[in-house]
Amino acid sequence: MRNYVLQRLVYMVFLLWLVTVVTFIVIQLPPGDYLSTYISRLEQAGEDLTDEEVAALREQYGLNLPVYARYFKWFGQVLQGNLGFSYDWEKPVRDLIGERLALTFSIAILSAIFTYAVAIPIGIYSAVHQYSIGDYIFSFIGFIGMSIPNFMLALILLYVAWSEYGQNLTGLFSQEFQGAPWSWEKLIDMAKHLPIPIIVIGTGGTAGLIRVMRGTLLDELNKQYVITARSKGLGEVKLLFKYPVRVALNPIISSLAWLFPSLISGGTITAYVLGLPTAGPMLLRSLLTQDTFLTASLLMFVTILTVIGTTVSDILLVVVDPRIRMERAAS
Amino acid sequence: MLRRISSRRKAAKAQAPAFDESYYLASQWQLIWRKFRRHRLAIGSLLVIIALYSMALFSEFYAINDYQKRHVSFAKAPPHTIYFVDEAGDFSLRPFIYQMKQTLDMDTLQRNYSEVRDTKYPIRFFVRGEPYKILGLIDSDIHLMGVEAPGVFFPFGTDDLGRDVFSRTMHAARISLSIGFLGVIISFVLGCLFGGISGYFGGVVDLVIQRLIEFLISIPSIPLIIALAAALPPEWSSTQVYFGITIVLATVGWTTLARAVRGKLLELREADFVMAARISNMGDMDIIIKHLLPSFASFLIVVLSLSVPGMILAETALSFLQIGIRPPAVSWGVLLQDAQNIRSLSQSPWLLIPGLFVIVTVLAFNFLGDGLRDAADPYKQ
């Protein structure tokens, strides 16, 4: 058990390193480098750079070095906590992304909780009442939820709230709390704005999980041990929750590994439509303005946190299921 | 309550018809077709998908107006209401519309539209209109629907510039639907390549490729796709962007396919019928062609049909964020750009209609994939 956890953690460190490589590739991809963007910015501002100055800048940013050397230089700076400077916001990247990342992940985690809270009971109901009207209705709603793009759902909810109730539900804070320091009132205000993004982001995954839950539980319900337990006179409800449901929860726990990245993904576009101050809209803007360091840092941290989330779910699975624990320990 | 279910199941089994001889003589594909045919939802979805793709292929025929033409005096016009009963209370089987008149509200500077009820414009089918070429080859000027000049017909209303949303939606189907297909084919090739290599060689190669796939799956796909799509040069033409986006979607999307391919290959390699064939001295090539490919092909069709929706949704999202398909080329996502903020939504909610087509398409592919999955293994009861 301890070995397995250790192994996963080493593997996670390796993955995190891979993340930095991918991020670096993404930085290098856009046509032109960030220096030429920077220079054209300066020129727009009326500042002319001489050739020597440009050469000095190239030297400073290491653009005259081969690609791998540039990577190590950048990597070294990241390790020291220097994420670079955002030209667009004119602030160090480190100061910009903290709060946004925190909000992004709070919303993702809340959406995950919402997803499980909805999917598990419905999945159990659908399996126990297979082919009932309720089962069909839930399946149908689930399919709709799976098929509707996140941003469409957000737009429709916005439209309904606007036309029916005259409420504008965009943003995460009311006007007076934007940019204000954190306080109790601000937190309550945020709680009022949270349901729409959480419902929108959570819906996509919910449908898939209902199907997984329903499918595995149906398999379990037909197994011998259920019949044995029943023949011994165990009450139906107790029987259901004591054995099959617990087994059927396993795939749900392992689904955390893919659910989390997809919640972050879905959150990106939803946040753009709803105007949430999370990482998604900032990433989009940084890409369009070629604000390279900001792009790289956002992409990197979103992925890093996802990799950590995935590792946690892997370890959790082993903790919960003794069968997997034995199997992993043996290998 | 559990007991009820199991007894119901037994009853269903007992009612199953005794299989006639044709069941035992039918080929695998005949069995698949038999089983698929029973899945009504999947059959319906297949018909919807065929209809949608025919809409994409013959969009000029379905379109009422030229999709780029600006009807200046009808900017932001709501959809025409289709009537069967006129002012006098007379019923006519042929639907008709009234023309709209624009008035400008001088206080809010908003355009308002009201119907002019004095002339009826019957909707005619297979009318002559703007000339076009069927599939770019055959000259034609026949359109599915239309009204007589000087009338105009906008079943889905118009956008800010007075362009017909219905015709634009028909036209946009072309890019939206083909990108899903093309993207899936490319990621399928990549998936088969890596999945095949992984499953065939095993050992270290397998381990490395599997870890690579795991890593790629753990990256949130939309931020990665956005980053890659934003790297497409701004000076690219619409066609180049189209292929660029397709390739971006495929590079991010091949991993799940590769996993599925590898898993199925490993499973099939160990299957009893392969063992039986080998024992009866069948050649490797024969085993692959006669046994592995058919069972693999049915599995592939299922995986492919379930992968198309993801591609379509991703393209829609990218274009909606203005980093996908670029105007003047139109896809459903491009059309939805007009409905981005609450102001334009509250003024012209009909701009969301192209989104309904996305939902219907994705829904149909999901149902179809579900039905195919049940049918793909016809020997399983």
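Analyst: The buried residues of H8(B) are B:Ser221, B:Ile222, B:Pro223, B:Leu224, B:Ile225, B:Ile226, B:Ala227, B:Leu228, B:Ala229 and B:Ala230. That makes 10 of its 10 residues. Please keep in mind that this is a predicted model.

What covers them? The cover of H8(B) comes from both chains. Chain A contributes helix H1 (2-28), helix H13 (256-274), helix H14 (279-288) and helix H15 (292-320), among the elements involved, and chain B contributes helix H9 (238-269) and H11.

That leads us to the interface. Here 34 residues of chain B are in contact with 44 residues of chain A. On the chain B side, the elements that give two or more residues are helix H1 (2-15), helix H7 (203-218), H8 (221-230), H11, helix H13 (342-347) and H14. By residue type, this side of chain B divides into 28 nonpolar, six polar and no charged residues.

H11 and H14 of chain B also turn up when you look from the other chain. The buried residues of H6(A) pack against helix H11 (284-320) and helix H14 (353-376) of chain B, together with helix H5 (93-128) and helix H9 (195-221) of chain A. Those buried residues of H6(A) are A:Phe138, A:Gly142, A:Met146 and A:Ser147. Seen down the axis of H6(A), they fall within an arc of 165°, so they line one face of the helix. On the other side of H6(A), you will find A:Ile133, A:Tyr136, A:Ile137 and A:Phe140 exposed. As for its length, H6(A) covers residues 133-147, and its 15 residues should span 21 Å at 1.5 Å a residue; the end C-alpha atoms are 21 Å apart, which agrees.

Chain B has 14 helices and five strands, and 34% of its 381 residues count as buried. Its C-alpha atoms fill a box of roughly 85 × 55 × 55 Å along the principal axes. Of the contacts in chain B between residues at least 6 apart in sequence, 70% join residues at least 24 apart.

The strands deserve a glance too. E4 (residues 124-134) and E5 (residues 138-146) of chain B pair in the antiparallel sense over seven bridges. B:Ile134 has B:Ile138 in E5(B) as its bridge partner. Three residues lie between the strands of this hairpin, where B:Leu135 takes a positive phi near 55°.

How values were computed:
Residues numbered from 1 in each chain as written. Chains lettered and ligands numbered in written order. Predicted model: local features only at pLDDT ≥ 70, side-chain atom pairs only at ≥ 80, totals over all residues. Helix = DSSP H or I, 4+ residues; strand = E, 2+ residues; numbered from the N terminus. Buried ≥ 20, exposed ≤ 12 C-beta atoms within 10 Å, placed from the backbone. Contact = placed C-beta atoms within 7 Å. Pairing = 2+ DSSP bridges. Expected span 1.5 Å × (residues − 1). Arc of directions from axis to C-beta. Nonpolar A, V, L, I, M, F, W, Y, C, P; charged D, E, K, R; others polar.
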